[in-house]
Amino acid sequence: SMNSDCEGQSNNGNSPENRLLIKRMLIKCADVANPCRPLELCIEWAGRISEEYFAQTDEEKRQGLPVVMPVFDRNTCSVPKSQISFIDYFITDMFDAWDGKNNLLMLPLVFLFAGSF
């Protein structure tokens with residue numbers, strides 16, 4: 001029946017495994033949420049993380065190691081284009097999944113985290 005289907009979804013969403021998954025996704029979304037910040041802050045932090053990646057690439061080249069992120073070569077990388085790619089390939093789908101699948105389950109978790117600080 002319709003009620004049992006809804007009840008099953010509710011119980012399944014509250015399982016320890018799903019709660020852990022939701023917590024992990026919340027942390028991951030917070031970790032990569034820079035594109036969601038106001039533009040001025042987004043630009044500042046995108047520059048900071050890009051500089052960190054440029055320094056890593058420089059050091060890998062200096063030591064003759066394999067370059068882990070070749071796109072972050074300071075001589076060829078466009079930071080704005082790298083941010084657009086990051087949003088297109090990671091952020092959009094991640095936040096769509098979060099919004100579509102977890103919006104109802106998120107509220108108790110938000111209150112749980114809010115009470116921790």
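So, how much of this chain is buried? Of the 117 residues of the protein chain, 21% count as buried, where buried means under 20% relative accessible area, exposed means over 50%, and partly exposed is in between, using a 1.4 Å probe and protein chains only. Keep in mind that this is a predicted model, where local features need pLDDT of at least 70 and side-chain atom pairs count only at pLDDT 80 or more, while totals for chains, interfaces and linings use all residues. Residues are numbered from 1 along each chain as its sequence is written, and side-chain values use heavy atoms, with hydrogens and water left out.

Okay, the layout. The protein chain has four helices and zero strands; these are DSSP runs numbered from the N terminus, H or I of at least four residues for helices and E of at least two for strands.

Now the inside. The largest nonpolar core has eight residues: I22, M25, L26, C29, V32, I91, M94 and W98. By nonpolar core I mean a set of buried Ala, Val, Leu, Ile, Met, Phe, Trp, Tyr and Cys residues joined through side-chain atoms within 4.5 Å. In soluble globular proteins, nonpolar side chains tend to be buried together.

Let's stay with α2. Its buried residues are I22, M25, L26 and C29. Why do they sit on the same side of α2? Because they cover an arc of only 105° around the axis, taking the directions from the helix axis to the C-beta atoms. The face turned away from that buried side carries exposed residues P16, E17, R24, I27 and D31.

Next, S50, over in helix α3 (residues 39–62). S50 is buried, with a relative accessible area of 1%. Leaving aside neighbours within four places in sequence, S50 is in contact with F72 and V79, contact being heavy atoms within 4.5 Å.

And F72 takes us to the rings. There are three aromatic pairs in the structure: rings of Phe, Tyr and Trp (its six-membered ring) pair if their centres lie within 6.5 Å, and planes under 30 degrees apart count as stacked, over 60 as edge-to-face and the rest as tilted. Y53 and F72 have ring centres 4.9 Å apart and planes at 65°, so that pair is edge-to-face. Y53 is in helix α3 and F72 in the loop between α3 and α4, 19 residues apart. Ring pairs link Y53, F54 and F72 into a cluster.
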